[in-house]
Amino acid sequence: MGVVLDNLDRYADAFWVTVQLTALGFLGSLVLGTIVATMRVSPVAPLRAAGLVYVETFRNTPLLVLAVLFVFGLTKVGIRFSLFTTFVIVISIYTGAFVAETLRAGMNTVGRGQVEAARSIGLTFGQSLREVVLPQAFRTVVQPLGNVWIAMTKNTSIAAAVSVVDLTAVAGRLTTDLARPLPLFAGAAIGYLILTLPMGALVGALERRVAIVR
Amino acid sequence: MSDSAARPLVQMESVNKSFGDLHVLHDIDLSVDRGEVVVVIGPSGSGKSTVCRCINRLEPIDSGRILVDGAPLPEEGKALARHRADVGMVFQSFNLFAHKTILQNVTLGPIKVRRVPRAEAESRGRILLDRVGIADKADRYPAELSGGQQQRAAIARALAMDPKVMLFDEPTSALDPEMIKEVLDVMVELASEGMTMVVVTHEMGFARSAAQRVVFMDGGRIVEVAPPDRFFGQPETERAKDFLSKILAH
């Protein structure tokens, strides 16, 4: 592991990049996923259709392919974001599709009767979602949502393929120079574990805490 | 009949409703006066629950008109939400919000729909919970309550909106026998206080003691309407006689 310790400053910088990709991807996919899940249960047919198209498009296309398409596609239509920003957008959109489907599964567990009760005290559709359906949906799917975001954390490694210098990219670049792939990529793996292991523990603790007594 | 109100509070005119090929309501005409308690009875599948659900448009109707307090039911949207706030609904399966405490269940509508300040909504909510006899359960979650307590909480939740009329859709059908009484007691008290009520139920005792009129439905039609004494004493239609003989046999 000496080669890793010799380059610890580069690993630290890259680790920070991976942390940022993870945090921004989490926020972006949470917002997009919630919006798309809401569209999918909306009473407005065109919104439901748009939500379906979103999910089927981005859930069924590889992240690497999407990343390359966005990096070159955005430039082509004249939008200039940094590679880092572009990748945050791509991984948010991609993961948002999984968040939306997971959340929709949670919304389906909230009884139709509770929705009718919410409407019958005069809550609008939006209020019923915010006050009654979504809070219960999130609590029901804490564990599967946790899985989605743990998978997303590891998926940030695709950023290396579009020249964002994250943990995976640093391991790759050092390997080119030093030809020591095993310790260098093991170093990257440890970096991911430092992020994902606590996430798993946090999800477990959160699930126990917010569980709804039924 | 009430003499204080010129027009009926709830008015259904030639209401028709189908679920696909199944024609569940045939030309329903029904009016409910202010302060009146109307009990709707009939066999399963007679359309009595659907009548109840149509009045706050949980089920849209195919033709005819429904007016509440003189105003026709609005289409989907904010106006419909306002309409529903004025029509209290109590369900067979309680439908309390599982992630909220009993007090939060009762205050959600007043705070979000009526824009009542939280402190005021909570003090009113506690008074209502006291009125239905579960003041000590205010900070519990629905699943921690018995069925009868949950149903009384659901009644308090509906009352918190100061509704013009209360609809009860088989409110005691999911309850153990010993819990039925505690719910009916609350309903009888409400009736005696002058609340306008439409009650779909199998509780003939409640119909006898609290209703001004009994509406008997079968096959999606209103077959007979009469004051409870006359309906239970001398039903006019064969169908009603047959129904009563079956349910009162034991």
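Trainee: Why is B:R84 called buried?

Mentor: Buried means under 20% relative accessible area, with over 50% called exposed and the range in between partly exposed (1.4 Å probe, protein chains only). B:R84 has a relative accessible area of 4%, so B:R84 counts as buried. Keep in mind that this is a predicted model, where local features need pLDDT of at least 70, side-chain atom pairs count only at pLDDT 80 or more, and totals for chains, interfaces and linings use all residues. Residues are numbered from 1 along each chain as its sequence is written, chains are lettered from A and ligands numbered from 1 in the order in which they are written, and side-chain values use heavy atoms, with hydrogens and water left out.

Trainee: Which residues does B:R84 touch?

Mentor: With contact meaning heavy atoms within 4.5 Å, the list includes A:R119, A:S120 and A:G122 from chain A and B:N56, B:R57, B:L58 and B:E76 from chain B, leaving out residues up to four places away in sequence. B:R84 itself sits in helix α2 (residues 78–85) of chain B; helices here are DSSP runs of H or I with at least four residues, numbered from the N terminus.

Trainee: What makes the pair B:R53 and A:E116 a salt bridge?

Mentor: The definition asks for a side-chain nitrogen of Lys or Arg within 4 Å of a carboxyl oxygen of Asp or Glu. The N to O distance for B:R53 and A:E116 is 2.6 Å, so the pair meets that definition. There are 3 salt bridges between chain A and chain B.

Trainee: How much area is buried between the two chains?

Mentor: About 1900 Å², with carbon and sulfur atoms giving 62%. Buried area is the accessible area (1.4 Å probe) that two parts lose on being put together, summed over both. Of the area that chain A buries against chain B, A:S120, A:I121 and A:E131 supply 31%, more than any other three residues. The contact takes 21 residues from chain A and 25 residues from chain B.

Trainee: How do you know that helix α7 of chain A bends?

Mentor: The bend at a residue is the angle between axes fitted to the seven residues ending there and the seven starting there. At A:V133 in α7 (residues 125–140) that angle is about 45°, and a proline, A:P135, follows within four residues. A:V133 is also one of the buried residues of α7(A). Cover for those buried residues includes α2 (8–40), α5 (83–109) and α6 (112–120) of chain A, together with α3 (102–112) of chain B.

Note on methods
Helix = DSSP H or I, 4+ residues; strand = E, 2+ residues; numbered from the N terminus.
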